Amino acid sequence: MSASAASLEEPRITPLGSSAILFEAPGAFDIEHQKRIWALADAATGWDMVVEAVPGMTNLMLILARPPRDLTAFEALLRAAWDTGDEKHVEPTVLELPIVYGGEGGPHLRDVAEGTGFSVAEVVRIHTEPDYTVYAVGSHAGYCYLGGLDARLFMTRRKVPLVSIPGGSLSLAGMQTGVSASAGPSGWHTIGRAEISFFDPERQPPALLKPGDVIRFKAERVIV
Amino acid sequence: MIEILSTPSLVTVQDLGRSGFYRYGVCRSGAMDRLALAIGNLLLGNDRSAAGLEIPILPLRLRFDVDMNFSLAGADCGAMLGDRPLPPCWAARAKAGDILTLNTPLSGCRAYLCVAGGIDVPEVLGSRSTQLRETFGGIDGRALQKGDRIAAAGNDARLPKDGLGALPPAVALAAAGDGVTVVRVIPAAEYGDYDEASRAAFWSADWKVTGQSNRAGYRLEGPDLALSRMIELRSHGVVPGVIQVPAGGQPIIQLADAATMGGYPKIGVVIDADLWRIAQARPGDALRFVECDMAMAADAHDETEIYLAHLAADVSRQYRLATAWGVA
């Protein structure tokens, strides 16, 4: 079953509980919109009461110092800043990452092949072709959400999340793909494995990559 | 120093958590019941954000190697200092050699042990909280083990001789129904995408906290919540309190150690002022959700702040009295 990714006509601004706000950008899921989100995050970082502005996938979460009584002021600020159309341009670091596809480290590679109607070799070829841009860092420490997945590999999330997959696991779901930075639960399809450290709390900044950086996957081996 | 004599449970060092590192994927972590930790700290004259021990459900024994002021808050765990019972939400002075026993709580899920000046472990990324997934903070990023020794930073506050207590928040702050934990929820972006029956069931059902519940989140059991249309979301920031509903239809409340981003549809978000109530619900307990808006959430926040300000003022007055009259 392929995922339908509906686009909004207008920005959507909703409360995320009592002291966070979610801004969802209208339009396509693409790098131009994401560059506007990064610019919006930079702008919002200076606003009163904003503890942190956290880019997601063509969306932005604001974490506030305390609960506001309503969102009116933030709605006006967010809309005005979005409407400037400003994009942030980043000098990317490019990371080439060798991957062992399939086998023990990629238990769902066959599911993805079956779900998309391709052979395992074709899935790997399609997956290693693009340059993936880091859209956002999050989920767990150092994890990179990547844009650029070929639409032919779109799969919905697994119905029941796995309790734990190891760090270094390469997985995909929806329009997204990425490599786990540490062991943890996952609702995605795990298709391969890499040896890499994405996060170190003693490093400044602690995350290896930042939004705008680029990852290239290399098929070191494919285990069918 | 304090030596841990026995700890079968997931005891961790926690303060109020990390702030400002979401953009690197670092979750808030920190005490599940931040209100209890704040109370425990205020009772000792600490800054409310000092680090303490979070002690879930099971019993714990420890020994004080030196005289030390300490406090307990959160779940009422029938604590004994030697053979002397201690009330919940209480600060007392331990003598070197005293053994503190925390028993399985009669109600509630997590007790907090605070010490004068806070637990002395290094700050990592602005906090002393244990980051279990990434294994940093607290004691080497892990839960405490038998034989671990922890140090208190210490302070010069003079505790009244018989100790000092606080009115527990479950009594002081307006709550809840009989045998059910009631928490306030602000509907989230996908609320309207659930069919009418699911929305009604969300507010009316008693949601059972399942055994698959921990610091990352509580998995709930109740009526299936169904979307009226298929949606696949773009992943976005997630804070503690977000109630996600995976395709199976059973909700999960994201909590202190939750992922910082996620893409499951969210039906609502528990307000910050009520997260402590969830932290004190244990597997088998029932939760009920009541709808609330931002203004009500701001009022709830203010109510909590007033409670803490009163407590801080009261504690400060009693410490001043103890110092002035030498009754300590």
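1. Confidence. Chain B has a mean pLDDT of 94, and 98% of its residues reach 70 or more. For the model, ipTM is 0.95 and pTM is 0.93. Where pLDDT is low, coordinates from a prediction should not be read in detail.

2. Secondary structure. Chain B contains 21 strands and five helices. Among these elements are the strands β16 (236-237) and β20 (266-270) and the helix α5 (294-325), which return in point 6.

3. Overall dimensions. The radius of gyration of chain B is 20 Å, which agrees with the value near 20 Å for a compact globule because the chain has 328 residues. Along the principal axes, the C-alpha atoms of chain B fill a box of roughly 70 × 35 × 35 Å.

4. Burial. In chain B, 54% of the 328 residues count as buried.

5. Contact order. Among contacts in chain B with a separation of 6 or more, 77% are between residues 24 or more positions apart.

6. Interface with chain A. The contact involves 42 residues of chain B and 52 residues of chain A. On the chain B side, the elements giving two or more residues are β16 (236-237), β20 (266-270) and α5 (294-325). Of these, α5(B) gives the most, with five residues.

7. Composition of that side. The residues of chain B that touch chain A divide by class into 25 nonpolar, 11 polar and six charged.

Key:
Residues numbered from 1 in each chain as written. Chains lettered and ligands numbered in written order. Predicted model: local features only at pLDDT ≥ 70, side-chain atom pairs only at ≥ 80, totals over all residues. Helix = DSSP H or I, 4+ residues; strand = E, 2+ residues; numbered from the N terminus. Rg over C-alpha atoms; globule rule 2.2 N^0.38 Å. Buried ≥ 20, exposed ≤ 12 C-beta atoms within 10 Å, placed from the backbone. Contact = placed C-beta atoms within 7 Å. pLDDT = per-residue confidence, 0-100. Nonpolar A, V, L, I, M, F, W, Y, C, P; charged D, E, K, R; others polar.
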